[in-house]
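Please look over the sequence and the model shown here. The report below covers its nonpolar cores and some of its helix packing.

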Amino acid sequence: MAYTPKNILITGAAGFIAGHVANRLVRSYPQYKIVVLDKLDYCSNLKNLNPSRSGPNYKFVKGDIASADLVNYVLQSESIDTIMHFAAQTHVDNSFGNSFEFTKNNVLGTHVLLEACKVTGQIKRFIHVSTDEVYGETDEDATVGNHEASQLLPTNPYAATKAGAEMLVMAYHRSYGLPVITTRGNNVYGPNQFPEKLIPKFILLAMDGRPLPIHGDGSNVRSYLYCEDVAEAFEVILHRGEIGHVYNIGTKKERRVIDVARDICKLFSRDPKASIKFVENRPFNDQRYFLDDEKLKKLGWSERTTWEEGLKKTMDWYTSNPGWWGDVSGALLPHPRMLMLPGVVDRHSDASENSDSGNILKGVAAPLSKAGGSTQKPSFKFLIYGRTGWIGGLLGKICEKKGITYEYGRGRLEDRSTLLADIQTVKPTHVFNAAGVTGRPNVDWCESHKVETIRTNVVGTLTLADVCREKGLVMINFATGCIFEYDAAHPEGSGIGFKEEDTPNFHGSYYSYTKAMVEDLLKPYDNVCTLRVRMPISSDLSNPRNFVTKIARYDKVVNIPNSMTILDELLPISIEMAKRNLTGIYNFTNPGVVSHNEVLEMYKKYIDPGFKWANFTLEEQAKVIVAARSNNEMDASKLKEEFPELLPIKESLIKYVFEPNKRV
């Protein structure tokens, strides 16, 4: 009997495959409510959902599936009866470099979803999206593909986490009767795919006239399905799939990687011999994945798009949308392992990003978080905006450690009525604004999304400041120091830093332009304390937003001294500033400067003695970015006078970052 859902939750829907599925369901089934949940990782893009965003049956929630409170809230508040679980880290190269993140996203995230389903007891279908890689390598001479009952023998960390997630799904079906269906699919290609994957990477490189890097000898065999065919497969499985069953989504039409490269060269009229470059292979690269797809065909699905047709459509889309992903130079490397989680380059440099406007429920829509367990009434209560951002999240943890009551705001910054409602509900003593748009995946995004950038960075911040002033509240506003650049009065290496009263002189990026604009407009607000953060660093070297982590993963770095902010030392100071009701502008950096090379020398000394890196010039950097980047020294004497214990940047780096992580 065919299944008819009512309210569907699709996880990871700002990504590639799930985006196509969500758009198809929103378009084809106006009677279904489609709620999409995505944390907007580096390989996600809200533009992938543009066809759906005006649909009355569509809603976007920004958040992480690993957040149990959020998942439970969404399931209950949206009356979800069906889950299509796509959200995952999927790039094999990355899994060799940071396998723990794959366990966190793919296993823990799935477990959180399953537990929420068990607790709410309202889910009628849970479609778990897995991969053909869980079967492991197929023999080269095999004529029959892996069928759904074949043994799982994963050979890389990514596939192992997907197999582990499948085990949890199976266990919840058997132990708790959760109505699950699992899919295992071949490689998918088509428009909107992040270019760490083979086909979009080769297309973008070919567009730029660059070599196509092939791991090993290119003899590895893969099967490729066009994205719209796969979206149709999920539509069929949703309505006709049987509970407790597994379905392979595959094709018997196989291609060697080198043949894929040759086909792309042909489309661009390039000589394959001159265009293909053989590079070092992965630590382990399965020779072949081969699926038996007869079970799904019996449900009525079949592949519609030929390889030639699909590849041509894909090429046409990328040539028509070259800037869809912004700066993806890092993804086009032969082994792009640095692309872990948000931020190829400066995605979140000093605060969290707000979701795009539209029919959106922010990831903070779960019941408001509270800190502490004290029975005494606290003397301070903080309202924090930017829960899903790095700084906003750290502020909550510091409040918990200090026993300070805090709650995260639900309102959108540009919506005055929701901010007033937050203040009426929370009754805070102070407000912290750690929300803002820095770009997806980096500040280059702001160059082509100026209205969205103004809406959050200028209108939103001003609205919150005005509401706080109306209510007699001090607002601690996390801003940026990326509004200055070295000049004749403040030359590089002189030790002469920009002071709080200096006029911003850097307008190389639209992001910095809006930040300087709003800082100037905030000056009449005597209730605002503006903290200029620069190149934030923390002791958490697994966090991809961490400046140390980012440059340690780059292929090349510029080498320029800059002021920087050690969050472990300075964020507790921001809380003390709130307690003292300090207002005005503060350069929120450690005294002094440190260069990229000096940071990496410390990394080599304390973390990895074998670490190596290369430098490139600002001129070379400019060729791979859209907007210029700020380099400067900030004068931190005003902050140092208020907090004499503040350490110079290099001492702070050693004390708070490298000594706690010392491996040598």
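## The nonpolar cores

Which residues in the largest nonpolar core touch the most other members? They are I10, L25, V36, L49, M84, I199 and I264, in a core of 71 residues. Helix 7 (residues 227–240) gives this core its largest share, eight residues. A second core is separate and has 31 residues, including A434, I476, C529 and F588. The model is a predicted one.

In soluble globular proteins, nonpolar side chains tend to be buried together.

I264 is in contact with I199, F202, I203, A206 and L311, leaving aside neighbours within four places in sequence.

Helix 6 (residues 198–207) and helix 8 (residues 257–267) cross at roughly 40 degrees, and their axes come within 10 Å. The crossing is right-handed. Helix 6 contributes L198, I199, F202, I203 and A206 to the contact. Helix 8 contributes V257, V260, A261 and I264. Nine residues of this contact are nonpolar, with no polar and no charged ones.

## Helix 1

Helix 1 (residues 17–28) has twelve residues. From first C-alpha to last, helix 1 reaches 17 Å, close to the 16 Å expected at 1.5 Å a residue.

Is helix 1 mostly covered or mostly uncovered? Helix 1 is mostly covered, with nine of its twelve residues buried. The buried residues are A18, G19, H20, V21, A22, N23, R24, L25 and V26. They pack against strand 1 (7–11), strand 2 (33–38), strand 3 (58–62), strand 4 (82–85) and helix 7.

## Helix 1 against helix 7

Helix 1 and helix 7 pack at about 60 degrees, and their axes are 9 Å apart. The crossing is right-handed. On helix 1, the contact uses I17, H20, V21, R24 and L25. On helix 7, the contact uses C227, E228, V230, A231, E232, F234, E235 and L238.

What is the makeup of this contact, in nonpolar, polar and charged residues? The contact of helix 1 with helix 7 has eight nonpolar residues, one polar and four charged.

## Y408

Y408 lies in strand 15 (residues 405–408). Why does Y408 count as buried? Y408 counts as buried because its relative accessibility is 6%, and buried means under 20%. Y408 and D422 are 14 residues apart in sequence. In space, Y408 and D422 are 8.9 Å apart, C-alpha to C-alpha.

Note on methods. Residues numbered from 1 in each chain as written. Predicted model: local features only at pLDDT ≥ 70, side-chain atom pairs only at ≥ 80, totals over all residues. Heavy atoms only, no water. Core = buried A, V, L, I, M, F, W, Y, C linked by side-chain atoms within 4.5 Å. Buried < 20%, exposed > 50% of the residue type's maximum accessible area, 1.4 Å probe, protein only. Helix = DSSP H or I, 4+ residues; strand = E, 2+ residues; numbered from the N terminus. Contact = heavy atoms within 4.5 Å. Axes fitted to C-alpha atoms, helices over the stretch in contact; angles between N-to-C directions. Left-handed = near helix turned anticlockwise from the far one by under 90°. Nonpolar A, V, L, I, M, F, W, Y, C, P; charged D, E, K, R; others polar. Expected span 1.5 Å × (residues − 1).
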